[in-house]
Amino acid sequence: MKIDVFTLFPEWFQWFASQRHVQNVLATGSSLECVNPREHTPLSGGQVDDTPFGGGAGMVLRVDVLDSALRAHYGVDPVALRERRRVIALAPGGRLLDEPLVEELAREPALTLLCGRYEGFDERIIEHFASDVVSIGRYVLSGGELATMVLCDAVLRKLPGALGDERSATEESFSAALEGNPEYPHYTRPAEYRGWQVPEVLLSGHHEQIARWRRERSRERGARAPGHDGD
Ligand code: ADE
């Protein structure tokens with residue numbers, strides 16, 4: 001998967017890209033590239049944002065600046081870009097990132113992620129350049145960078161090679177293998193600690209019983225989780 005991140009703070013992503021699981025995916029041919037709109041701005045002094053029309057606090061990322069940056073990077077009119085690849089603007093009011101959306105995005109060959117800053121984007125960026133607007137939660141971050149990293153982390157760990165054991169990504173919380181439920185509890189050595197016992201069945205070596213126990217615990221957790229339909 002080819003991921004391009006449009007951010008005014010590309011240095012934030014150096015740390016992210018250096019993490020082991022991200023490195024593992026990048027080693028299999030995926031890429032994570034940052035483009036700084038400031039380097040493509042047609043405005044003097046590296047200007048990228050402006051005060052909002054109608055007044056109000058904060059600054060808004062300019063549509064002409066993002067137009068230039070996208071055009072410089074892809075060599076096409078950004079209006080046509082979203083026909084070719086998902087162009088995702090990160091914003092607090094967007095579609096909430098959940099496991100089905102992560103799985104959907106993990107199947108894409110390429111993603112373009114737009115990080116807003118300050119008060120966010122000029123709305124014309126969303127209307128004319130973005131294919132999606134995605135939020136990681138109903139709270140406001142100071143920019144889209146951390147939200148982008150959350151999205152990238154969730155998506156990249158779905159790709160082959162990210163995790164040591166491929167099963168870890170299939171049978172995990174909210175996956176189809178667990179019928180969309182949270183994952184079952186895990187235990188490791190010691191089998192007893194301060195009188196706290198690991199459930200007997202997990203020590204039994206009886207794979208069918210273990211699988212059944214896990215499915216039951218996972219369903220229980222799903223029924224308890226807030227927002228769950230309760231089937
Ligand atoms: N930018 C600022 N806050 C955000 C959020 N909660 N999700 C996605 N992008 C954001």
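How many salt bridges does a search of the whole structure find? The search returns 16, where a salt bridge is a side-chain nitrogen of Lys or Arg within 4 Å of a carboxyl oxygen of Asp or Glu. Before you start selecting, note that this is a predicted model, in which local features need pLDDT of at least 70, side-chain atom pairs count only at pLDDT 80 or more, and totals for chains, interfaces and linings use all residues. Residues are numbered from 1 along each chain as its sequence is written, and side-chain values use heavy atoms, with hydrogens and water left out.

Select Asp-64 and Arg-62 to begin: their side chains form a salt bridge, 2.6 Å from N to O. Asp-64 is partly exposed at 27% relative accessible area (buried is under 20%, exposed over 50%, partly exposed in between; 1.4 Å probe, protein chains only).

Next, pick Lys-158 and Glu-172, a salt bridge of 2.8 Å, N to O. Lys-158 sits in the loop between helix 7 (145–156) and helix 8 (167–170), while Glu-172 lies 14 residues away in the loop between helix 8 and strand 8 (192–193). Helices (H or I, at least four residues) and strands (E, at least two) are DSSP runs, numbered from the N terminus. Glu-172 is buried, with 8% relative accessible area.

Now move to Glu-179 and Arg-219, whose side chains also meet in a salt bridge (2.8 Å, N to O). This pair links the loop between helix 8 and strand 8 to helix 10 (residues 207–224), 40 residues apart. Glu-179 is partly exposed at 46%, and Arg-219 is partly exposed at 41%.

For the last stop, select Arg-86, Arg-95, Glu-104, Glu-108 and Asp-132 together: salt bridges with shared partners join them into one network.
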